[in-house]
Amino acid sequence: MPHLLLKLCTVFYVTSAFAYLGVLLAPKLRLDRLGIWALGGGITLHLASIIDRWIELELTPVTNFQEGLSAFGLALSAVFLFMNWRLRRPVIGAFVTPLIAVMMITALLVPSGGGAIPESLRSIWLPIHISMAFLGDASLAIAASAGVLYLLLERKMKRKEFGGIFGRMPSLETLDSLSYNLVRFGFVLLTLAILTGTIWAGQQWKSYFSWEPRQTSAMVVWVIFAALITSRWMVGWQGRRTAVITIVGFGLMLGSFLILRFLQIGRHFGSYT
């Protein structure tokens, strides 16, 4: 049943992605309503899938790579839905919802894994820690997407190329502000994820910090975004510079997650938190 629900929610996410691409490529069709309703339907079915799997496992379903991708896809969908409700910038959905769709299709295609579930995952800290981690990662992912759009739009403006899809983009100031606000929100959640993970590590490994690869990479990313926020506040960094740092910070975070996963490095292997 959870896998069937996962397939159904993926259909909704793919529909949403095509609708939002329509918002960007054919604005006269006014497909933003279809996009948001399809996204909402996907989130509803996705939640049902995760709850069903949660009941089946009797713990938070992030026990393998497939479930980790699924959980991150849900977090990304939820953050974008909230952002779109607050800011009414549907055109950004053309760059976020395809990422969600690809992530969910990948989750369906990768092996679900199997075997015994580590006892370390049967902890009250698991749902708290992964909720903070995935929502923070999702916020930083959308911030990085806004950063990419900023760089592309800036380049087009310097060349005085204002037509096409870039003529329908939000202003540079809007993209810069959106990215920075998402970075601040994601940074708070990342900080809470590190704190809860540290407490959990202290209980599980008898050491709060042990230079474990996942802990170390999270701290490196935290320092990068802390430096970005501090520099913007004290020096006034903005625009291209903050966009590049945001993209680099998220790229390091995503890259470390994938590399450590596939190379099976560190104590986090088998748990995608």
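These legends walk through several close-up views of a predicted protein model.

Figure 1. The protein has 8 helices and 0 strands, so its pattern along the sequence reads α-α-α-α-α-α-α-α. Of its 273 residues, 49% are buried. Take the contacts with a separation of 6 or more: 79% of them join residues 24 or more positions apart. The accessible surface comes to about 13800 Å², and carbon and sulfur atoms hold 68% of that area.

**Figure 2. Helix α2 has the length its residue count predicts.** Helix α2 covers residues 32-57, which is 26 residues. At 1.5 Å a residue it should span 38 Å, and its end C-alpha atoms are 37 Å apart, which agrees. Which residues of α2 are buried? Among them are G35, A38, L39, G42, L45, H46 and S49. As you look along the helix, remember that an α-helix has 3.6 residues a turn, so residues three or four places apart point the same way.

Figure 3. Just after α2, E58 takes a phi of about 65°. That is a positive value in a residue other than glycine. E58 sits in the loop between α2 and α3 (65-87). Is E58 buried or exposed? With a relative accessible area of 68%, E58 is exposed.

Figure 4. A search of the whole structure finds 4 salt bridges, and one of them pairs E67 with R53, with the closest N and O atoms 2.6 Å apart. E67 belongs to helix α3 and R53 to helix α2, and the two residues are 14 apart in the chain. E67 is buried, with a relative accessible area of 8%. Side chains of opposite charge can pair when their charged atoms come close.

**Figure 5. R240 and E154 tie helix α8 to helix α5.** The side chains of R240 and E154 meet in a salt bridge of 2.9 Å, N to O. R240 lies in helix α8 and E154 in helix α5, so the pair ties together parts that are 86 residues apart in sequence.

Figure 6. D176 forms a salt bridge with R232, and their closest N and O atoms are 2.9 Å apart. Setting aside residues up to four places away in sequence, D176 touches Y150, R232, Q238, G239 and T242.

**Figure 7. P170 is a buried loop residue.** P170 lies in the loop between α5 (125-158) and α6 (172-205). Its relative accessibility is 5%, which means that P170 counts as buried. What does P170 touch, not counting residues up to four places away in sequence? Its contacts are R89, V91, I92, L153 and L175. P170 and R89 are 81 residues apart in sequence, yet their C-alpha atoms are 7.8 Å apart in space.

**Figure 8. Four residues make a nonpolar patch on the surface.** V220, V244, V248 and L252 form this patch, with about 290 Å² of accessible area together. Helix α8 (residues 240-263) gives the largest share, 3 residues. L252 is in helix α8, and L252 is partly exposed, with a relative accessible area of 41%.

Notes:
Residues are numbered from 1 along each chain as its sequence is written. This is a predicted model: local features need pLDDT of at least 70, side-chain atom pairs count only at pLDDT 80 or more; totals for chains, interfaces and linings use all residues. Side-chain values use heavy atoms; hydrogens and water are left out. Helices (H or I, at least four residues) and strands (E, at least two) are DSSP runs, numbered from the N terminus. Buried means under 20% relative accessible area, exposed over 50%, partly exposed in between (1.4 Å probe, protein chains only). Contact means heavy atoms within 4.5 Å. Accessible areas come from the Shrake-Rupley method with a 1.4 Å probe; for residues, only the protein chains shown count as cover. Patches are made of residues with over 30% relative accessible area and no salt bridge: like charges are joined within 9 Å, nonpolar side chains (Val, Leu, Ile, Met, Phe, Trp, Tyr) within 5 Å. The expected span of a helix is 1.5 Å times one less than its number of residues.
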